[in-house]
Amino acid sequence: MPPSSLRVVYAFAREMHPKTTDVFIQYGTAGFRTKASLLEHVVYRMGLLAVIRSRVKNGRTIGMMITASHNLEPDNGVKLIDPHGEMLEQSWEELATRLANVSDNDLESTTEQIIKEVNADMGLKASVFIGMDTRYTSPRLAAAAVHGVMALKGTPKEFGIVTTPILHYCVRCRNDNSYGKPTEEGYYEKIVGAFKNIRQKLSVTGNYNTILYVDGANGVGGKKLNIIKKGLDGELDLVLHNLGGNGGKLNLNCGADYVKVSQKPATGFEAPPLQRVASLDGDGDRLVYYYLDQNENMKLLDGDRIATLLASYITELLAASGALGLRLGLVQTAYANGASTKYITQKLKIPVTCVKTGVKHLHHAALSYDVGVYFEANGHGTVVYSDAAKRAVREAADTGDVEQRKSAELLLDLIDMTNETVGDAISDLFLVETVLCARGLDARDWLAQYTDLPCRQLKVTVQDRNVISTADAERKCTAPEGLQSRIDELVDKYTDGRAFVRPSGTEDVVRVYAEADTQQAADKLAAEVAQAVFDLAGGAGERPVLPE
Ligand code: G16
């Protein structure tokens, strides 16, 4: 494409998607995320970048998802998906940030400069899949994405309202048809089909029952489960709530993030005591479980619990199938409850890697294992299998003895049920239900596997959250000066105390995490650390208060 045709890049920007704000915006933990009103020009420009990326990847399809996931309704965001269905390669985040922040007048020259820098052959075809969540601002932003793709003569394909993981899946399938069909229906066929297959091989035993309450966060995940529910043939009895009707607001007092952070059940419905509830987030990429005990106390089964449940079952099946010599490992972040890490390393004897927050970091680390199970405590995660692992399991299914074949076939179904591209609440829900059924567990049995250390998460507003720097997978704070030594002093006062702080990559806040031997102690430690952040990192607004 001759540089003169880049004129249209400017024309679209000026006429349709002008940059109307000077607020600096950065590609964060999961793409750009801020108030929807500040995003139109950013999304348009990411359409341009997606086309350039597609050409650098020889015309393979790139994805663009319009979503702010767990954030509240007024926010929105955009993230790019690479050809394997994984998050955008990190080295391109700087290009994305540069392109998003230049003035309209400099857009044409910056686009040209980026094309040269990455050596994109603009004569190649380019393909971009575009999906969006249920936010009322999403269609307008999706239209800006389409214009960005068209401005550089790429081919956009719109998927309408889909979960983030469905779009990741379709991108992967489009570039690798051995993975499945690149459509929403193709996703259901593979993931739900594998679940139905496996359920026919397992009988419902022990304390497991097939009823599952679901909190859909008033987002897209619940809507998709409503479609899936009709085809489940009674294998699982989904009782769906918070589907977006009756004035329910996206992620407001419901959804995986609310349940995990506030340690309260979702509002909008009540589940009977001891009944397990699966809570999704707004774009269907996170999942946590909970139940209310006889005294109506909420018991949380978070991402750490899902990781341990899946890892222990897969380990057992691998051993029973005779597919030996494969390395299975688990990846967590600093948010993982200390008790879960102890249980995984000491009881399950599975190696654990700790990385920075963000699925992109976990996914990358998980790929170094033959079978990599990764989960953030907030419920974001999946399992990835190397080609060698898949080959070994297939061979066991073909050549093993009767018992080995049985286990290998269960594993093959589990692999098909897994969306290996990214954390996926729907796929994870079917995986969890499979393991609970296979083991005959109810939610209480699952919780009894280990005892969480009480913990608390808080948010602190500061003038500029980027004054906080961290190291050692975010477990140590290297700036501002004095903050880490203050945290160390505070932690020292508590039995089993641990705390860390880090700037959020999706909200304009600093996050504080603390755990200790009692809930009261964890709450107090978190509040004290929050005060230290406020004092030493330029607190803004209201000062955090210590619990009574
Ligand atoms: C995104 C990321 C997650 C991360 C979360 C919170 O989730 O994909 O990996 O844990 O943000 O990140 P932070 O603490 O930096 O705000 P989601 O579900 O919001 O897309």
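I looked up Lys406 to begin with and found it partly exposed, at 47% relative accessibility. The scale I used calls a residue buried under 20% relative accessible area, exposed over 50% and partly exposed in between, with a 1.4 Å probe and protein chains only. I note that this is a predicted model, in which local features need pLDDT of at least 70 and side-chain atom pairs count only at pLDDT 80 or more, while totals for chains, interfaces and linings use all residues. My numbering runs from 1 along each chain as its sequence is written, and side-chain values use heavy atoms, with hydrogens and water left out.

**Salt bridges.** I took a salt bridge as a side-chain nitrogen of Lys or Arg within 4 Å of a carboxyl oxygen of Asp or Glu. By this rule I have 39 salt bridges. Lys406 pairs with Glu403 at 3.5 Å, N to O. I find both in helix H14 (residues 402–417), 3 residues apart, about one turn of the helix. Helices (H or I, at least four residues) and strands (E, at least two) are DSSP runs, numbered from the N terminus.

I then checked Lys181 and Glu189, whose side chains meet at 2.7 Å, N to O. Lys181 is partly exposed at 46%, and Glu189 is partly exposed at 49%. For Asp472 and Arg475 I read 3.1 Å between the closest N and O atoms. Asp472 has a relative accessible area of 45% and Arg475 one of 32%. I also logged a network in which salt bridges that share partners join Arg53, Asp82 and Glu89.

**Arg45.** I placed Arg45 in helix H2 (residues 40–56). Arg45 is buried, with a relative accessible area of 0%. Its side chain makes a polar contact of 2.8 Å with that of Asp104. For that term I used a pair of N or O atoms within 3.5 Å; within protein, one must be able to donate a hydrogen and the other to accept it, and residues adjacent in sequence count only if both atoms are side-chain atoms.

**Backbone.** I found a cis peptide bond from Ala479 to Pro480, with omega near 0°. Pro480 lies in the loop between strand S17 (476–479) and helix H17 (483–492). Asn242 has a positive phi, near 50°, and is not glycine. I located Asn242 between strand S7 (237–241) and helix H9 (255–262), in the loop, and Asn242 is buried at 11%. Ala473 also has phi near 50°. I read Ala473 as buried at 17%, in the loop between strand S16 (469–471) and S17.
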